[in-house]
Amino acid sequence: MAFQLTRRSIPMGDSQIVIEHGKLALQASGAVTVQWGDTIVLVTATHQAMDREVDFLPLTCNYQEMLYAAGRIPGSYFRREVGRPSDHETLTSRLIDRPIRPLFPKGCSHEIQVIATVVSSDKEHAPDILAMIGASTALHISDIPFAGPVAAIRVGYKDGQFLLNPSASQLATSELNMVLAGTRDAVVMVEGGAQFLSEDVMAEAVAWGHAQLLPILDAQEELRGLLGKEKFTVATPPEDAELINAVSELAADPLQKALTVPGKMDRKDAKKKVRQDLMEALLSRFGDSPERLRNVAETLEHLEKKLVRQRIMADKRRIDGRDLTTVRPLTMEVGILPRTHGSAIFTRGETKALCTCTLGSTRDEQRVETLAGEISRRFLMHYNFPPYSVGEARPLRAPSRREVGHGALSERALAPVLPTPEGFPFTIRIVSDIMESNGSSSMASVCGGTLALMDAGVPIKTPVAGIAMGLIKEGDEYLVLTDILGDEDHLGDMDFKVAGSRDGVTSIQMDIKIAGIPAEVMKKALHQAKAARVHILDQMETVIATPRRELSQFAPQMDVVHISPDKIREVIGPGGKNIKAICEATQADIDIDDSGKISLFAPDQASLAKAREMVLYYDQKAELNKDYDGIVKKIMDFGAFIEILPGLEGLCHISQLARERVNTVQDIVQEGDAIRVRVIDIEPSGRIKLSRKAIILEELGEEPEPEQPRAPRGDRPRGDNRGDRRGGDRGGDRRGGPRRDRDR
């Protein structure tokens with residue numbers, strides 16, 4: 001069967017992105033491959049009707065990297081891609097989901113699934129951007145109702161210039177790594193990290209990136225025109241005007257009062273009471289048609305959103321009574337957990353994070369299998385959101401996508417301030433356990449993580465803090481809110497998280513729920529976020545201004561020693577025998593570099609000193625006139641080779657084995673014998689001469705004969721030399737008798 005291929009090429013610097021349909025996954029509702037260089041991602045979109053009604057959009061986005069794409073076999077026991085997705089796959093799945101989710105019609109109850117599969121990877125061209133473009137394209141050409149398209153790019157920044165979709169090698173030196181998604185009208189999502197870039201540069205990066213989306217959007221529209229299927233219709237549920245008016249009439253005033261209750265849980269209880277009273281009143285009014293009441297919760301939520309936004313727009317006052325720019329009260333503590341290496345509690349209003357810092361050896365680094373090969377991660381930031389943090393009771397499960405995403409956001413914020421591995425070769429893990437949550441627990445994790453790092457004595461470059469910003473838009477008026485509550489996040493038009501130091505931004509995440517915001521509003525939000533960030537940093541520095549000078553007594557004790565590279569094999573030993581013995585004896589972790597650098601991590605100073613001594617034992621150098629207890633390793637006619645230090649041998653000449661004349665070496669020693677010898681000479685070449693005789697003479701009180709330096713070969717008389725070889729100055733050959741007698 002012949003394939004009917006349809007493709008569009010999008011110029012991308014000196015290369016191009018190619019979107020193609022018609023070869024793979026033809027039974028899906030929509031399917032495309034997106035190729036850049038030798039990286040290819042297959043993206044499919046499918047749907048099916050559900051057998052039950054749901055009050056949410058049943059959308060699932062999955063991104064998966066097949067290791068065959070890079071010519072690799074999985075290292076797992078099963079030798080296949082099994083189990084839960086990696087953190088990178090989870091984060092990319094979120095990148096696909098966030099820009100497309102708001103573009104499905106209300107009331108869509110079909111189960112929708114988007115799967116992006118990396119089928120070829122050249123390790124230079126990032127597949128995540130291709131997956132985002134492919135997801136929009138597959139949905140756009142399918143019969144699934146989708147108000148797209150959206151496009152995505154990555155923005156870099158180097159030497160004052162923005163980079164469009166930088167390659168992996170370019171990203172290694174870029175000051176910015178920002179993923180940006182948007183429609184023709186506006187940016188709808190931003191996610192990325194930066195190296196202390198200013199707010200103006202970040203705002204300019206977003207505006208510049210949005211302008212680069214148009215060719216990608218045009219290509220998707222062209223494919224829709226050629227391949228697009230007719231969209232299935234979603235029946236919009238009719239509004240019950242009578243019910244809406246009744247809810248407003250009965251609940252507006254009590255709900256308005258409930259929304260002024262300052263505490264989150266008290267406010268929740270007050271709103272619950274309003275809902276209960278409302279249902280009782282509605283049941284008496286609509287008792288003949290109770291099915292009309294199934295949308296009461298949604299109607300009441302719309303009323304709440306309207307009341308909250310009206311109050312903010314009219315009075316410039318928020319749910320908890322703050323103005324637009326005030327940060328909630330801050331409290332902080334450090335060193336609260338006695339046996340952790342570093343700990344802190346950071347509280348902002350009703351959001352509280354318990355953060356701990358744990359230091360480990362290089363063996364504690366996380367090994368991650370990726371398309372580019374196995375990589376090691378020395379900094380780990382883990383975010384946990386237990387149910388009690390919001391007063392709920394539900395099963396504890398593996399970290400959710402949200403928890404993985406919040407951890408990655410916090411990790412990006414803190415990574416730029418960490419010391420280099422050369423100066424601080426510890427593995428660093430921060431865990432943020434959210435104790436209470438009412439808005440921006442991820443940014444509380446950044447602040448608490450900084451405090452925990454400093455409490456642990458990690459020499460960070462500068463403190464980092466974060467804040468979440470919100471937006472309320474009514475008509476042409478935009479109000480930017482600092483430090484939003486959970487309700488303001490839910491009812492507002494933007495969730496914009498910014499983290500950084502006093503000098504600039506290190507991490508950013510933005511989701512916009514409206515068509516877009518003007519560039520000047522974006523810039524205002526960034527500068528308003530900086531003012532809040534500096535306020536938080538001021539408060540943090542009153543608690544702990546600089547990292548502690550010493551590590552916790554419970555942290556691993558670390559030292560670095562250097563040995564000769566050719567001694568590494570001696571430290572390791574046959575089959576790792578020596579290194580295992582050191583680790584068992586000292587409970588230390590030892591990391592050996594090919595350069596001869598050895599990092600030692602031990603539980604205490606005594607163990608560290610012992611480990612250092614045991615390692616350096618294998619790198620000792622012979623000292624002139626020093627006695628050593630050695631082992632005879634090899635016997636020759638002219639002497640014995642004796643190991644005096646691990647891997648270090650010297651020659652004890654037959655003339656130096658005993659005080660008297662020795663006929664054969666075996667008369668004195670055998671291989672494997674222990675023998676005490678003295679170093680009597682170390683030649684420039686490194687060869688070592690040993691003597692047993694010198695020790696014996698010293699014990700007898702006799703002076704050893706000084707060793708006569710041997711004349712250079714060119715200075716020896718030839719006659720003497722030949723005579724020596726024939727047996728001295730006898731003048732005859734080794735058979736005896738004068739030569740002239742033999743001639744006769």
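Me: What should I know about the model before I start?
Reply: It is predicted: local features need pLDDT of at least 70, side-chain atom pairs count only at pLDDT 80 or more, and totals for chains, interfaces and linings use all residues. Residues are numbered from 1 along each chain as its sequence is written, and side-chain values use heavy atoms, with hydrogens and water left out.

Me: Why is S432 called buried?
Reply: Buried means under 20% relative accessible area, exposed over 50%, and partly exposed in between (1.4 Å probe, protein chains only). S432 has 0%, so S432 is buried. S432 sits in strand β17, residues 427-436. Strands here are DSSP runs of E, at least two residues, and helices are runs of H or I, at least four; both are numbered from the N terminus.

Me: What makes the pair S432 and S445 a polar contact?
Reply: A polar contact is a pair of N or O atoms within 3.5 Å; within protein, one must be able to donate a hydrogen and the other to accept it, and residues adjacent in sequence count only if both atoms are side-chain atoms. The side chains of S432 and S445 make such a contact at 2.7 Å.

Me: Which residues does S432 touch?
Reply: Contact means heavy atoms within 4.5 Å. Leaving out residues up to four places away in sequence, S432 touches A353, L354, C355, M381, H382, Y383, N384 and S445.

Me: How do you know that T183 is buried or exposed?
Reply: T183 has 15% relative accessibility, so T183 counts as buried. T183 lies in the loop between β9 (176-182) and β10 (187-197). Among the residues that T183 touches are P149 and V150. The peptide bond from G148 to P149 is cis, with omega near 5°.

Me: What about R79 and F196: buried, exposed or partly exposed?
Reply: R79 has a relative accessible area of 49%, so R79 is partly exposed. F196 has 24%, so F196 is partly exposed too. R79 is in the loop between β5 and α1, and F196 is in strand β10. R79 has a positive phi of about 60° although it is not a glycine. F196 also has a positive phi, near 60°, and is a residue other than glycine.

Me: Why are α6 and α7 called roughly antiparallel?
Reply: Angles under 35 degrees count as roughly parallel, over 145 as roughly antiparallel, 65 to 115 as roughly perpendicular and the rest as oblique. Axes are lines fitted to C-alpha atoms, for helices over the stretch in contact, and angles run from 0 to 180 degrees between N-to-C directions. Helix α6 (residues 241-258) and helix α7 (residues 264-285) pack at about 150°, with axes 10 Å apart. That angle makes α6 roughly antiparallel to α7. The contact includes L243 and A246 of α6 and R267 and A270 of α7.

Me: What makes α1 and α9 roughly perpendicular?
Reply: Helix α1 (residues 87-100) and helix α9 (residues 401-414) pack at about 100°, with axes 9 Å apart. That makes α1 roughly perpendicular to α9. Residues that meet include D87 and T90 in α1 and R401 and R402 in α9.

Me: How do you know that β3 and β4 pair?
Reply: Two strands pair if DSSP finds at least two bridges between them. Strands β3 (residues 30-36) and β4 (residues 39-48) have 7 bridges, in the antiparallel sense. One of the partners is V43 in β4, bridged to V32.
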